[in-house]
Amino acid sequence: MFLGQSLVSIVDLINKKKIDGKEVVKYFLKRIEKYNSKLKAYLTVNKSYKTNKSDKLVPIAVKDNFCTKGIRTTASSKLLENFIPPYESTVTKRLIDADSFILGKTNMDAWAHGSSTETSDFGSTKNPWDLTRSPGGSSGGSAAVVSSYLAPAAIGSETAGSIRQPAAWSGVIGLKPTYGRVSRYGLIAMGSSLDCPGPLTLTTEDAAFILQIIAGHDKFDATTVYKKIPNYVFKIKEKKKFVIGVTDEYLEGVDEEIKEAFYQLIKILKKLGHEIKKIKLLPPKYAISVYTIIQRAEVSSNLARYDGIRYANNRTFFGSEAKRRIMLGTYVLSYGYYDAYYKKAQKVRTLIIEDFKKVFKEVDMILAPTTPITALKLGEFEKYPFFGEMMDVLNEPAAIAGLCAINFPFGLTKKNNLPIGLQLIGRWFEEENILNLTSQIEKETDFLGVIEKGLKNYPD
Amino acid sequence: MSDYQPVIGLEIHVELKTSSKMFCQCLTNYFGKEPNTQVCPVCLGFPGTLPVPNKKAIDWTILIGKALNCKINNFSKFDRKHYFYPDLPKGYQISQYDQPIAKNGQLYLLIKNSKSKYQKEGSKLKITKKKFRIRRVHLEEDTGKLIHLKNETLVDFNRSGVPLVEIVTEPDFDNSDDVKIFLEELQVIIRYLGVSDADMEKGTMRMEPNISIISQKSKVKSQNLPDYKVEVKNINSFRFVKQAIDYEIKRQVEILKKGKQPIQETRGFDEKKGVTYSQRTKEEAYDYRYFPEPDIPPLVFNKDYVDSIKLVELPSQKIERYISQFKIRFDDAFILTRDKKVAEYFETIISKIKYQISKLSIKNQNYQQIIANFIINKKISTQLSVDEFINKLIENLKPKEMDKKLLSEAIDKVLKNNPKPIEDYKKGKINAIMFLVGQVMKEIEGKAEAKIVREEIERKI
C-alpha cells in the first residue's frame with residue numbers, strides 16, 4: 001500500500017493532512033527494525049520523532065558524514081565513534097527547515113574512502129539485491145536504504161562516483177549536482193575541491209524536489225555560487241529535445257550486458273526524438289591519476305585536524321585506508337614533489353575541463369554507463385589496490401571537471417539479476433536538463449521495472 | 001667591524017582589529033577574555049566546517065600594501081600551510097604562499113641630516129630619505145595560545161582565526177638602529193590606517209628579525225647574501241629587537257672570526273639576560289606542504305577595486321607638509337605626527353585659529369610653531385577640546401604686564417650673582433646676554449616678555 005510511495009507523494013499526503021507525519025516516521029522505523037540488522041545500512045537511527053515540534057515530518061535518511069546537531073556523526077570511523085556535532089550542516093538544516101525528519105545516519109566507507117562501504121569501521125552494508133554483494137560506495141548505506149525502502153529518499157555525497165556508483169549497484173537514482181551548487185558546510189571533508197552533496201531517490205521528481213531544497217548559495221561555503229535556481233520540479237515536466245553525446249571511450253572494458261542496456265536506451269532516445277551524436281573525449285583513464293593525486297593531497301590535509309585535542313578520539317583510530325591516503329597525499333605535497341605531482345595534476349585537470357567545454361558546444365549532455373560492472377561480491381575489493389578508482393573510472397572525469405551527472409537504473413542483468421546503471425553528464429549548473437531527460441526515460445520505460453522489482457524483496 | 005657586514009631582514013606580524021575573525025563570525029577582541037569563550041566550530045576546526053574570508057581584512061591588507069608602496073596583485077589566493085601544533089586546530093594554517101595580496105613595496109624613512117637642536121625657525125632643513133624594500137604583505141589567520149602551567153599545558157582558542165597580516169622586508173638593514181626606526185615608523189603607519197593597535201606588549205604586533213653577516217675576508221662577493229640566516233623569535237618590544245640584533249651580530253662575528261660559519265637556525269630571545277638561545281636548527285625545519293586552499297576561491301582585484309580603497313595621509317607626508325606649509329621644525333613635525341589624533345588636533349587648531357589670529361599677541365612669529373610648542377611641551381593639555389585649547393592659548397599669549405619694580409629687583413639680583421657673563425658681554429660676546437635673560441626669566445617665572453627683559457638688562461649693564 002504505502003510501500004514505494006515517493007517522497008513527493010508523502011509530502012503531498014502530509015500537506016493535505018491525509019496522513020500524520022509521525023505515522024509515516026513510525027512506518028519507516030518499523031521497517032528499519034525489520035531489515036536493518038540484515039542490511040546494516042543505518043549506523044544510527046533517530047527515534048526522537050515524538051518530541052519533534054512540527055507534526056509535518058517528512059522522513060529522509062542522511063549519510064553519516066553530514067554533521068547533524070545532537071545526532072551522532074561518525075563518517076563510519078571509530079575516530080568519531082562518539083562524536084555528536086554541536087552544529088547542523090547546511091544541507092540537513094535546509095531539509096529540516098523544509099519539514100524533513102532525519103530518520104537516521106547511513107553507513108559509508110570510513111571518511112568516504114572507498115566504493116563498497118567495506119572500509120567502514122562498523123562493518124559493510126549489504127546490497128539489498130543480493131546480501132552477499134556490496135551496495136557500492138561510499139554512499140552505500142544511503143543507496144541501500146532507498147533501494148530497500150528503509151527511507152523514501154536519502155542524502156549522499158560524492159567526491160568521484162560516491163553517489164552515482166552505489167545508486168547504480170543498488171538500482172536507484174543518484175544525482176551528483178554541479179560543484180558549488182550545493183553547500184558543503186557541515187559535510188566532513190574528503191576532497192574539498194570535489195565533494196558534492198546530492199540525493200538518492202526512487203523517482204526523478206524526488207531528486208528534483210530535494211535538489212530544490214538543498215541547492216543555492218550558502219554564506220558558510222565560499223565555493224557555492226550565486227546562481228539563480230530554476231524550479232527543477234517544474235522544469236523536468238517540460239517537453240524538451242536534446243542532443244546527446246556518446247563516446248566509445250566510455251565503453252572500453254564495460255560489461256556486455258551493460259553495453260546492451262546502453263544501446264537499447266539509445267534506440268529509445270532516438271525514438272523519443274532526441275539526437276544522438278558521436279563525440280570524442282579524453283579517455284577516462286587520465287582522470288584516474290589526476291583524481292588520485294588531488295584527492296589524496298586534500299585528504300591528507302583535511303584529516304590533519306583529528307588530533308583528539310578538541311573533540312573525538314585521536315589519530316590512532318584511523319583505519320588503514322585513511323592512513324594509506326594520508327601517506328600518499330603527504331608525499332605528493334612534499335617539498336620537491338609538489339610540481340611533479342600536484343601541480344601537474346591540476347594542469348591535466350584543466351585540460352579535462354577544456355575537453356568537456358569543447359564537447360558541450362556540440363551536445364547538451366553525455367550518455368554513458370555509470371560503472372563498468374554490476375555489484376561485486378563483498379570481499380572482492382581487497383584483491384585490488386585502488387579498487388575505488390577502477391570502479392569509478394566512468395565517474396571521475398565529470399567529478400574532476402565539477403559537472404553535474406545523474407545515475408538511473410536501466411534493467412537487470414540476466415546472469416545474476418543485478419541492477420544496471422546508466423548516467424547522464426550535463427553542463428555546469430544544468431541539472432534541470434539531465435533531470436528532464438531522466439524523467440522522460442522514466443516515463444517511457446519505468447527504468448525497465450528495476451525499482452519496483454527491488455521493493456518487492458522488502459515487503460512491509 | 002668593517003670586515004663584517006650585518007645583513008638584516010624583518011618579518012612583522014600585525015593582528016588586524018576587524019570586529020570578526022578571518023574566516024568565521026567570532027569576535028576578535030580576545031584580550032582579557034575568559035579562555036575559549038570566543039570560539040565556534042569553524043575556528044575550532046570542527047569536522048565539516050569551512051572558512052569564509054573576511055572582506056574587511058582583505059581590504060585592510062590591500063590598504064597596508066598601498067601604504068607600503070606595494071604592487072597589489074590583481075590575482076591572489078589563499079594556501080594551506082601544514083604543521084602540527086596543539087594551538088593550530090586544523091593542522092594547517094590558512095595563509096598565502098606564492099600569490100600574496102601585495103608585493104614589491106618600499107618604505108622611506110625620513111632621516112634628519114643635522115643634529116642641531118637650535119634650528120632656527122623657518123630655516124630650510126635637509127632631510128634625507130632612506131629606502132627599505134618590502135618583499136611582500138600577505139594575510140593569514142592567527143593560532144590559538146598555549147598556557148603552560150606546572151604540570152600541564154592548556155590551549156585557549158580565542159585568538160584562533162584572528163586576521164593576521166605578515167609583512168616581510170628585503171634584507172636591507174645593516175644595523176639595529178635603522179631596524180628600530182623602521183619598526184617605529186611601521187607601527188605609526190599601521191595605527192594611522194586604523195587597521196590594528198599594533199601593540200607589542202599585547203602581541204598585536206610581533207616581529208622576527210633574520211640576521212646574518214657577510215664576511216669581507218671570505219672571498220664571497222659582497223653583493224651575495226650569506227648562505228645562512230638566523231631568525232630570532234619571541235621579541236616583544238622595540239628595545240629588545242635592538243638588543244637581540246646587537247647580540248646576534250656580536251655572536252655571529254665571533255664565530256666568523258674563529259673561521260667558522262654560524263648555523264642556520266631559529267633562536268629565541270631571553271629578555272632578562274639580553275641573549276638569544278637556540279630553538280630549532282635547519283635539520284628540524286618544517287616542510288609545510290603548501291597547496292592552494294580549495295575552500296576559498298581565488299581573489300581577483302581589478303584596478304577600480306584597488307583604487308576604491310583609499311589611503312589616508314601618512315605620517316611622513318604629514319611631516320613634509322608641516323614643514324613646507326606650516327614652516328615648523330622637523331623635530332616638532334615628527335613628534336606631532338607620531339599619533340594621528342595629536343596630528344589631527346594640531347591641524348584643527350591651526351584651521352580654527354585663523355579667524356582669531358588677531359587675538360594672539362605675537363609679533364612676526366610663526367603661530368603654527370608656537371601652537372606646536374604648546375602641544376609638544378604640554379603647556380596646554382591636549383585633552384581639552386579644540387576651542388578650550390584656543391582660549392587658553394589666547395590667554396597664555398596675552399602681553400605680559402610685569403610690575404616694573406619686581407622686574408628691576410630680579411635683574412639686579414641676577415646681575416649681582418653673575419659677574420662673569422656681564423664681563424663676557426662687555427668684551428663683545430653678545431650671546432652671553434641670553435644667559436642673563438634666561439636667568440631673569442627663571443627668577444620671574446616667565447612673567448615678562450624676553451624682549452623687554454633683554455632691553456632692561458642692556459640698559460642696566
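**Sheets and the chain contact**

Mentor: Keep in mind that this is a predicted model. One open sheet of chain B has three strands, paired antiparallel, in the order S5-S4-S15.

Trainee: Which strands of chain B are the edge strands there?

Mentor: An edge strand pairs on one side only.

Trainee: What is the bridge partner of B:Asp79 in S15(B)?

Mentor: Strand S4 (residues 79–82) of chain B runs antiparallel to S15(B), and two bridges pair them. In S15(B), B:Asp79 has as its partner B:Pro292.

Trainee: Now chain A. Which strands stand at the edges of its sheet of eleven strands?

Mentor: The sheet is open and mixed, in the order S1-S3-S2-S4-S6-S5-S10-S11-S9-S7-S8. Each edge strand has a single partner, so one side is left without a neighbour in the sheet. The edges are S1 (42–45) and S8 (275–278) of chain A.

Trainee: At what angle does helix H3 of chain A run to S3(A)?

Mentor: Helix H3 (residues 90–97) of chain A lies across S2, S3, S4 and S6 of chain A. Its direction relative to S3(A) is about 145°.

Trainee: Which helix gives the most to the side of chain A that touches chain B?

Mentor: In this contact, 31 residues of chain A meet 24 residues of chain B. Helices H9 (285–302) and H10 (320–333) of chain A each supply at least two residues of that side of chain A. With three residues, the one that gives the most is H9(A).

Conventions:
Residues are numbered from 1 along each chain as its sequence is written. Chains are lettered from A and ligands numbered from 1 in the order in which they are written. This is a predicted model: local features need pLDDT of at least 70, side-chain atom pairs count only at pLDDT 80 or more; totals for chains, interfaces and linings use all residues. Two residues are in contact if their C-beta atoms, placed from the backbone, lie within 7 Å. Helices (H or I, at least four residues) and strands (E, at least two) are DSSP runs, numbered from the N terminus. Two strands pair if DSSP finds at least two bridges between them. Axes are lines fitted to C-alpha atoms, for helices over the stretch in contact, and angles run from 0 to 180 degrees between N-to-C directions.
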